[in-house]
Amino acid sequence: MASAIEEWNLHRRIALRVLMLVGVQPARLILGMMLTTSFLSMWLSNTASTAMMLPIANAILKSLFGDKDTSKDMNRENEENQASLQQNKLYTVPTEMQFLASTEDKDLAEEKELSSDALSDLKKEEEYKTNIWKGFLISIPYAASIGGTATLTGTAPNLILLGQLKSYFPECDVVNFGSWFMFAFPLMLIFLLMGWLWISILYGGINLRGWKTKKSNIRVDAEARAKEVIKEDYQKLGPTKFAEQAIFFLFCVFAILLFSRDPKFIPGWASLFAPGFISDAVTGITIVIILFFFPSQKPSFRWWFDLKAPNTETQPLLTWRKAQETVPWNIIMLLGGGFAMAKGCEESGLSVWIGGRLHPLEGVPPPVAVILITVVIALFTEFASNTATIIIFLPVLAELAIRLKVNPLYLMIPGTIGCSYAFMLPVSTPPNSIAFSSGHLMVKDMARTGLLMNLMGVLLLSLAMNTWAKSIFQLGTFPAWANIHAENATSLVTAVENVTLSALNKI
């Protein structure tokens, strides 16, 4: 579905339309960028969303402030003029000419004073421009990482959680597309709003001291140019094509079917079939099959009635060649490898053994354990792939939850989402690397901004797990599907110990 959306530029039309609605003030544009990127990241990959939004951001920034190199040249030229004025002031004047030249000296002094004020204003504008530029660029990858957590298909760790739940706890049926969205979407919105406020205040988008001050004419003209750039880019897309309308309709059907399959609070359409026969994968495969044969141009019925009508081939909404090029097959293979590794850890008893070594955490209250786990995983993900991190940690968290006698989801869900809360380093996530490669950000910018983002993410996730997530996933009780796994794990440990003892006796 994401490949089809990218094929027909529907994501770009949505992005530009949102930016036209939010306005052209820097704080509003940053909010519009973050909302658009997070929404696209819910359905597209985080990397694709970031790569699509950064060129739009650069075009808007250039219209707002011009090219950075041009402004530096202007600043350098003003400094040279200032130096020449200082040199002119040092010229010696004959005594008999002082009275006649007094007016000229005053003019030179006034010119120097005006130039000094203009230079100071230019420095302030340059600093303001640099900060806004950084705020724009840093907000996009952060919004992509936050938005990917809102849906099960938004990012790879979410899919790994679902796969390992099916492997470890086959009877667990509380996590599906609808229940995850009800939990993660409010968390995403709150975190996105908090992140926007922090970035806007830190980089000058919102000025708490001078919010009543009048805008300069330079900024007013720049915002008008930015508005024209967005409008011009939107007009270049032309009128909405039939393919875009078809993709949007199928996308809405896709989302509605996913949400209504098994919403838990009312019977879903999956109840019309035998239990276990329908899953989210059925919805996905059905929609994708339609994409492969649905025409990208408005069908005409003339062919049925006119024997002389040309028999022209119509391009479908999605071709197999496009799917081969754009679908991340390497990620799919990586997910399969992660499921195999998790099953190997379970069958060999490695996850049980590691869980048994975590004795200090057994005396910690579960809410504190959630915070500690999220902090550890978020810091670990700053230096390692989030996919590899969650593959390693999920089996351990499942066994730890069984030892603590709490719902395994109470520890596994924070660990999964914590893998996406990596904001401090360029190497943390691919979106961070893409934004850093633009050349306008430094490592200290990401570290300074990302530190508080990480802290906010940990606290908000802990709040969500101890409030509305408890009623959605029934986290207040130790479920029966976890009891079955606990009994199997106990028998596995006993068997391993018996084998070890028998081997030692023989020795």
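## Aromatic pairs overall

The structure holds 18 aromatic pairs. Rings of Phe, Tyr and Trp (its six-membered ring) count as a pair if their centres lie within 6.5 Å, with planes under 30 degrees apart called stacked, over 60 edge-to-face and the rest tilted.

This is a predicted model, in which local features need pLDDT of at least 70 and side-chain atom pairs count only at pLDDT 80 or more, while totals for chains, interfaces and linings use all residues. Residues are numbered from 1 along each chain as its sequence is written, and side-chain values use heavy atoms, leaving out hydrogens and water.

## Trp43 and Phe251

Let's visit Trp43 and Phe251, an edge-to-face pair with 4.9 Å centre to centre and 90° between the planes. The pair links distant parts of the chain, 208 residues apart: Trp43 belongs to helix H3 (residues 26-43) and Phe251 to helix H10 (residues 242-260). Helices here are DSSP runs (H or I, at least four residues), numbered from the N terminus.

Trp43 is buried, at a relative accessible area of 15%, and Phe251 is buried too, at 11%. Buried means under 20% relative accessible area (1.4 Å probe, protein chains only). Ring pairs also join Trp43 and Phe251 with Phe177, Phe181, Phe185 and Phe259 in a cluster.

## Phe169 and Trp481

Next come Phe169 and Trp481, whose ring centres are 5.1 Å apart with planes at 65°, so this pair is edge-to-face. Phe169 sits in the loop between helix H7 (156-168) and helix H8 (177-202), and Trp481 lies 312 residues away in helix H22 (residues 480-506). Phe169 is buried at 1% relative accessibility, and Trp481 is buried at 12%.

Note on methods: Helices (H or I, at least four residues) and strands (E, at least two) are DSSP runs, numbered from the N terminus. Buried means under 20% relative accessible area, exposed over 50%, partly exposed in between (1.4 Å probe, protein chains only).
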